[in-house]
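Subject: Structure for you to look at

Hello,

Here is the structure I said I would pass on. Please open it first, then read the notes below it.

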Amino acid sequence: MLPEVRPHVSTALADQLEHQLDLAPHLEAGQLDVERVAGIAVVAAAHSDGYAATGRLLGLLAALPAPTKAGERFWSDLWRSSGTAYLLPANIKAPVLRSLAGEGTALARQILSAVDEMTAPQRVAAGEVIGQALVESDHLPDVKTQVIGELWLRDIELTAWRVLHADRRSDDPAGRKAFLDAWRSV
């Protein structure tokens, strides 16, 4: 039954399946024909970029010290150096938890807001704090902390953009049709 599948996919995907394919929540899997199964595959594939990018965001955050007593100094240093509270665990907890369910747009927006709020010197300082934590956890003493921190910041910024771009792109059937029509007419 579809409700049994629902905890394993995001709410957005389940809603898309119900809306686009007219799948009732109580519909049993045995009642699905080949056309509907193909439709489910298409909807899932349309959302795969967003899910992959959301997973990457979570992976990048997981590389940082955990928001526990042991990681408290890191998060305090990051707040001071970056000049933004957007990245504090208390402020990203809810979007992180939603991202674990496959809905990463709120986390992506929060990360982009944090990066956008930083001045160039704050970004350099935040990169140093992040790089130091990554060098210590990954045992990379021969790599400059500033380089690693800046790469992490660029990666999380680009990944957040990918989450938002995938979300915007996947919900626009008229835009997809216009894209196909334009390329067919070339």
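Is threonine 54 buried or exposed? Threonine 54 is buried, with a relative accessible area of 3%. Here buried means under 20% relative accessible area, exposed over 50%, and partly exposed in between, with a 1.4 Å probe and protein chains only.

Before the rest, two notes on the source. This is a predicted model, in which local features need pLDDT of at least 70 and side-chain atom pairs count only at pLDDT 80 or more, while totals for chains, interfaces and linings use all residues. Residues are numbered from 1 along each chain as its sequence is written, and side-chain values use heavy atoms, with hydrogens and water left out.

Overall picture

The protein has nine helices and zero strands. Helices (H or I, at least four residues) and strands (E, at least two) are DSSP runs, numbered from the N terminus. Of the 186 residues in the protein, 34% are buried. Among contacts with a separation of 6 or more, 61% are between residues 24 or more positions apart; contact means heavy atoms within 4.5 Å.

Helix H3

Threonine 54 is found in helix H3. Leaving aside neighbours within four places in sequence, threonine 54 is in contact with Ser99, Gly102, Gly104 and Val163. Glycine 50 is also found in helix H3, and glycine 50 is buried at a relative accessible area of 12%. Not counting residues up to four places away in sequence, glycine 50 touches Val163 and Ala166. The C-alpha atoms of glycine 50 and histidine 165 are separated by 8.0 Å, although these residues are 115 residues apart along the chain.

Helix H5

Helix H5 covers residues 89-100, and its buried residues are Ile92, Pro95, Val96 and Ser99. They cover an arc of only 110° around the axis, which puts them on the same side of H5; the arc is that of the directions from the helix axis to the C-beta atoms. An α-helix has 3.6 residues a turn, so residues three or four places apart point the same way. The face of H5 turned away from the buried side carries the exposed residues Ala90 and Lys93. Just after H5, glycine 102 takes a positive phi of about 95°.

The largest pocket

What is the volume of the largest pocket? The volume is about 270 Å³. On a 1 Å grid over the protein atoms alone, a pocket is an open set of points where a 1.4 Å probe fits, with protein on both sides within 12 Å along at least five of seven lines, and lining residues have an atom within 4 Å of a point. Grid points are joined across faces, edges and corners, and a volume is the space filled by probe spheres set on the points.

The pocket is lined by 13 residues, and Leu61, Pro67, Trp75, Ile92 and Val96 lie nearest its centre. H5 gives the largest share of the lining, five residues.

Threonine 145

Threonine 145 is found in helix H8 (residues 145-170) and counts as buried at 13% relative accessibility. A polar contact of 2.4 Å joins the side chains of threonine 145 and glutamate 128. A polar contact is a pair of N or O atoms within 3.5 Å; within protein, one must be able to donate a hydrogen and the other to accept it, and residues adjacent in sequence count only if both atoms are side-chain atoms.

Regards
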